[in-house]
Amino acid sequence: MLGRIRGWQRRHWRDRSKAERVELQTLGTWYFTTWFFSFAWLALPLVGGLEHRPAPLLVGGLLLLAGALQCAEANRLTRPVLDHYLRRAELPPRALYPAAGLLVLGLVLALALTVVGGADPVTTRLCIGAALLPFGMLYGLVVPIRRFLHHSALLAVALMAAFGWAEPDAAGIFMVGFLTAFATCFSLFACRCSAWNLAVLWEADRAGEVEARLAVAEERLRFGRDLHDVMGRNLAVIALKSELAVQLARRGRPEAVEQMIEVQRIAQDSQREVRAVVRGYREADLGIELVGAQGVLRAAGIACEVIGEAGGLPAEVQSALGWVVRETTTNVLRHGDAGRCSVALRMPEGRVVLTVENDGAGSPTTEGGDGSGLAGLRERLRSVDGTLEAGFVGAGVFRVVAEVPLSGKAAVREVAS
C-alpha cells in the first residue's frame, strides 16, 4: 500500500506545479469536509437519538439517504463550481437544481422528524445544519456575497418560522437561526476565501509566466537590435561599393578591383562582428549565474548555499559552467520537491570542479542522467575538454558534477587571445 501511495505521489503530485498542488489539496479538503459534517451532525446524532418507532425510523432512514445523496452531489459539483469561480468554464444555470432539491428534501425531512417527535430537539437541529452545509459550500461560490447573505437571511427566517410552528420553543428557534448563520459563515470563510486564495495564486503564477516570456522577448529584441547595428551599416556600404565596382568594371577602369577588395574586407569584418555578437549572446557568465541561481532558489523557498568564487577562470570555462548552473537550477525548480540545494565551485590543481546537489529528487526512471538537458551540457563541456557526471547519491538526493581541466583547449585559447 505504501508503495502504491509513493508511486501515485511521484506520478501525480511531483509532476504538478505548486499552484496545482494547492488546488488539489483544497479540493480534497472540501470533499472531506462535506462528508465529515454529514457524518458528525447527521449520522451520529440519528443513530444515538432516534426513537425506535416506525415513523421516526422511516424519516431517519430517508434523512440518511438524502444526506448521502447531498454529499455525493456536492462532490460532483465541487470542481465545476470552482472552475466557474476561477472563470475557467461557465456553469449551466440549472446545474445546482438537483442540489437545491436535495436541500429542500433534507429540510422537509428534518421538519417531519420534529413533527412526529422522533428525536430530541438537538438532533433535529443538527440535521438542519447537515443539510445546509453541502449546498451552501456550492452556492457561496456561484453567486455574489451580498446575494448569498440575503438569501441566507430569508432562509433563516423561513426555517425559524417553520420549526417554531412545529415545536414552539425559544431555545430551539434560536438554535435553528444559529445553525443557519454558522453554515452561511462557514461557506463564506472556509470555501469562498479558499477559492479567492486560489485565484490570487493562479494570477501570480500567470504573472510569473508572463514575466518570463517578456524577459525572453526583451532578450530577443536586444539580440535583433545588436545584429541590426552590426549588419545594417556594413551591408549598406557593401551594396554601395559593389554598385560602384560594377560601374567601374563596365567602363574598364582598374579601380573596380580595389573596390571589390574593399567589399571583401568589409564582409570579413562583418562575419567577425556577427560571431562576436552571437558569442556574447550564447555565453553565460558563471559569477552572474551563481548569484542568480541562489536568488531564484531562495525565492522558491529552497535553501541554497553557494561555495566558491568564479573569478580568474577563462571565459569559455565560465560560459560552459554557467550553462551547467543554469540548467541544473531549472531542473531543481521543475522536477522533484527540493528543500535544499548546494552549489560548490572548487579549483584543485589544474582543473575546476562544479558540484550541484539537491534533495527531493524523483526516481531514477523519471529523472535519469540521459535527459536532453544533461546531454546538451555534456556537449558544451566537451568543447572545453570537460566532463559531466549526474546521478543519485542517496534517497532522493541528486548530484551533478562538472569538471573542466584548466590546461586544455580553453586555457590555450585564453592564452592565445
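View 1. Buried here means under 20% relative accessible area, exposed means over 50%, and partly exposed is in between (1.4 Å probe, protein chains only). The model is a predicted one, so local features need pLDDT of at least 70 and side-chain atom pairs count only at pLDDT 80 or more, while totals for chains, interfaces and linings use all residues. Residues are numbered from 1 along each chain as its sequence is written, and side-chain values use heavy atoms, with hydrogens and water left out. With a relative accessible area of 6%, Cys 304 is buried. Cys 185, on the other hand, counts as partly exposed at 39%. Cys 304 is in none; its nearest cysteine sulfur belongs to Cys 341, 4.9 Å away.

View 2. A cavity is a set of points on a 1 Å grid over the protein atoms alone where a 1.4 Å probe fits but cannot get out, and lining residues have an atom within 4 Å of a point. Grid points are joined across faces, edges and corners, and the volume is the space filled by probe spheres set on the points. α2 (18-49), α3 (54-85) and α5 (121-142) each supply at least two lining residues, with α5 giving the most, four. Helices are DSSP runs of H or I with at least four residues, strands are runs of E with at least two, and both are numbered from the N terminus.

**View 3. The second largest cavity.** This one holds about 60 Å³, and among its lining residues are Ser 38, Gln 70, Cys 127 and Pro 134. α2, α3 and α5 are the elements that give two or more residues to this lining. Here α3 gives the most, with five.

**View 4. The open sheet.** Five strands line up as β1-β2-β3-β5-β4, with mixed pairing; two strands pair if DSSP finds at least two bridges between them. β1 (303-307) and β4 (387-394) sit at the edges with a single partner strand each, so one side of each has no neighbour in the sheet. β1 and β2 (residues 340-346) run parallel and are joined by five bridges. Look for Ile 307, which stands opposite Ala 344 in β2.

How values were computed:
A disulfide is a pair of cysteine sulfur atoms within 2.5 Å. On a 1 Å grid over the protein atoms alone, a cavity is a set of points where a 1.4 Å probe fits but cannot get out, and a pocket is an open set with protein on both sides within 12 Å along at least five of seven lines; lining residues have an atom within 4 Å of a point.
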